[in-house]
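Please open the model in a viewer and keep a selection panel at hand.

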Amino acid sequence: MKKICIVTGARPNFVKVASLIRAIMKADEAEYQLVYAGREDDPTLESSLFDDLQMPRPDVFLGVDSSSLNEITSRVMAEFDRFLDAHPVDVVIVVDDLASTMAAAITAKKRGIKLAHLVAGTRSFDMNMPKEVNRLVIDALSDYLFTAGVKSNSVATREQAEGSNTYMVGNILMDALRFNYQRFRKPAVDIEEEQYLVFTLNRRALLANKENLRQMIVAMSEAAGNIPIVTPLRGQAYETVRSLNSNLNLILPLDYLEFGWLTAHAKGIITDSGNVAEEATFNGVPCITLNSYTEHQETVTIGSNVLVGEDPMLLKEAVTQLVSGRWKKCALPDRWDGRTSERIVRILLS
C-alpha cells in the first residue's frame with residue numbers, strides 16, 4: 001500500500017486536490033492523508049467549500065498563521081517535520097508555489113521521501129517575485145514534476161537532469177470543472193446568462209496603486225456600457241474597490257458552486273487570477289487578464305485569454321472588443337480534459 005501525503009497551503013489548492021483525492025480513493029494500492037499548513041479555524045475555509053467540492057476536510061492542520069514568508073517557511077518546516085515523525089509516508093505531493101509548499105518540499109527531501117510537484121514548470125522569469133523562487137526550488141527538488149501544458153513541460157524538462165521525471169498530465173483545475181459543472185448553481189444576483197461581465201481582483205500590486213486601479217475600473221465600465229459587471233470580492237479587495245465609488249455590481253464572495261456558475265455563464269471575464277483565466281478557457285468564455293504574463297501560456301495561444309497588464313487603455317480596448325463580439329477563436333489545450341488526476345495516480349503507482 002503506497003502512502004501518499006498531500007500538502008496544501010491556501011484555499012485554491014483544495015479545488016485542485018479534490019479530484020486527486022477521489023482518484024486515490026478509487027485505487028486499491030494507495031491511501032492518503034491531507035495536510036493543511038494553516039489553522040483549523042482559517043476563515044477562508046468555510047464549511048461549504050468542502051461540501052461543494054465533495055471532499056473531506058484536512059486530516060491535519062499545521063496551525064501556521066503569519067504574514068512573513070520567511071516565518072511561514074521556518075514554521076511549516078518544523079511542524080511538517082513533526083508530522084512526518086508520527087506519520088511515515090512514501091510520497092509527498094505539494095501544490096503550487098507558496099512559501100508553505102516550498103517548506104514542505106524541503107522537509108520531505110531532507111528525509112529522503114519522494115516528492116511530487118503539482119503544478120510544475122510554471123515560470124514568470126521574474127526573480128523579484130517570491131513565488132518564482134519557490135517554483136525553482138520545488139521543481140529542482142521534485143522526483144515527479146506534473147505539468148499542465150506544453151510550455152511548462154518544456155521548462156521542467158529543460159531544467160531537470162533527467163527528463164523522465166517530467167509528466168505532462170494536463171490542468172487539474174479542469175477535473176474539478178468537469179466533475180462539478182452540472183452541480184453549479186446560479187447565485188442570488190439579478191442577471192441573465194451571457195448578459196453580464198465578471199470582474200475579480202486579488203493581486204496586491206493592483207490594489208496598492210489605487211489611482212491606476214480607479215482608471216482601470218472607469219475604462220472597463222465605459223467600455224462595458226449598459227452591461228452589468230458583477231464583482232465578487234473578499235477582504236481588502238472588497239474594501240478597496242468600494243472606496244473608489246465605482247459603478248460595479250459589487251457583491252460579497254460566492255461559494256465555489258455559485259462562482260463556478262457565474263464564470264461559466266458570463267459574456268466575459270476580467271480578472272487578475274490565473275486560475276479564473278484557465279477555467280474561462282475550459283468554458284470557452286472570453287477572458288481579459290490584468291497581468292503582463294501568465295503561468296499557462298496555453299490560455300493565450302490556444303484559449304480564450306488576452307493579457308492587458310495594468311494599462312487602462314489596453315483594458316478599455318479589450319473590453320470594447322469583448323462586448324461587441326469581436327473575440328478570437330479559441331480551443332481546449334492538450335490534456336485539459338478533466339482526467340489529470342487519473343494520470344497522476346497511475347504514474348505514482350506504476
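Select strand 12 (residues 287–289) together with strand 13: the two run parallel and are joined by three bridges. Helices (DSSP H or I, at least four residues) and strands (DSSP E, at least two) are numbered from the N terminus, and two strands count as paired if DSSP finds at least two bridges between them. Within this pair, Cys-287 stands opposite Asn-305 of strand 13. The model is a predicted one, in which local features need pLDDT of at least 70 and side-chain atom pairs count only at pLDDT 80 or more, while totals for chains, interfaces and linings use all residues. Residues are numbered from 1 along each chain as its sequence is written, and side-chain values use heavy atoms, with hydrogens and water left out.

Next, select helix 10 (residues 235–243), where Ala-237, Tyr-238, Thr-240 and Val-241 are buried. Buried means under 20% relative accessible area, exposed over 50%, and partly exposed in between, with a 1.4 Å probe and protein chains only. The cover over these buried residues includes helix 8 (204–208), helix 9 (210–224) and strand 10 (249–251); contact here means heavy atoms within 4.5 Å. After helix 10 comes Asn-245, with a positive phi near 55°.

What is the order of its seven strands? The order is 3-2-1-4-5-6-7, in an open sheet with parallel pairing. Its edge strands, strand 3 (60–61) and strand 7 (166–168), each pair on one side only.

Select strand 1 (residues 2–8) and strand 4 (residues 91–95), a parallel pair joined by four bridges. Ile-6 stands opposite Ile-93 of strand 4. On to strand 5: five bridges join strand 4 to strand 5, again in parallel, and Ala-116 is the bridge partner of Ile-93 there. Strand 5 is mostly covered, with six of its seven residues buried. Zoom in on Leu-118 and Val-119, which are joined by a cis peptide bond with omega of about 15°; Val-119 lies in strand 5. Most residues other than glycine have a negative phi, and most peptide bonds are trans.

Helix 3 (residues 69–86) lies across strand 1, strand 2 (30–36), strand 3 and strand 4, running at about 160° to strand 1. Helix 6 (residues 150–159) lies across strand 5 (114–120), strand 6 (144–147) and strand 7, at about 175° to strand 7.

**Two loop residues**

Select Gln-54, in the loop between helix 2 (47–53) and strand 3. Its phi is positive, near 55°, and at 45% relative accessibility Gln-54 counts as partly exposed. Then select Glu-194, in the loop between helix 7 and strand 8 (197–199). Phi of Glu-194 is near 60°, also a positive value, and its 52% relative accessibility makes Glu-194 exposed.

**Cavity and pocket**

On a 1 Å grid over the protein atoms alone, a cavity is a set of points where a 1.4 Å probe fits but cannot get out; a pocket is an open set with protein on both sides within 12 Å along at least five of seven lines, and lining residues have an atom within 4 Å of a point. Grid points are joined across faces, edges and corners, and a volume is the space filled by probe spheres set on the points.

The whole structure holds one cavity of 30 Å³ or more.

Finally, turn to the second largest pocket, with about 280 Å³ of space. Of its 14 lining residues, Ser-19, Arg-22, Ala-23, Lys-26 and Glu-342 are the closest to its centre. Helix 1 (11–26), helix 7 (173–180) and helix 15 (340–349) are the elements that give two or more residues to this lining, and helix 15 supplies the largest share, five residues.

Technical notes. Axes are lines fitted to C-alpha atoms, for helices over the stretch in contact, and angles run from 0 to 180 degrees between N-to-C directions.
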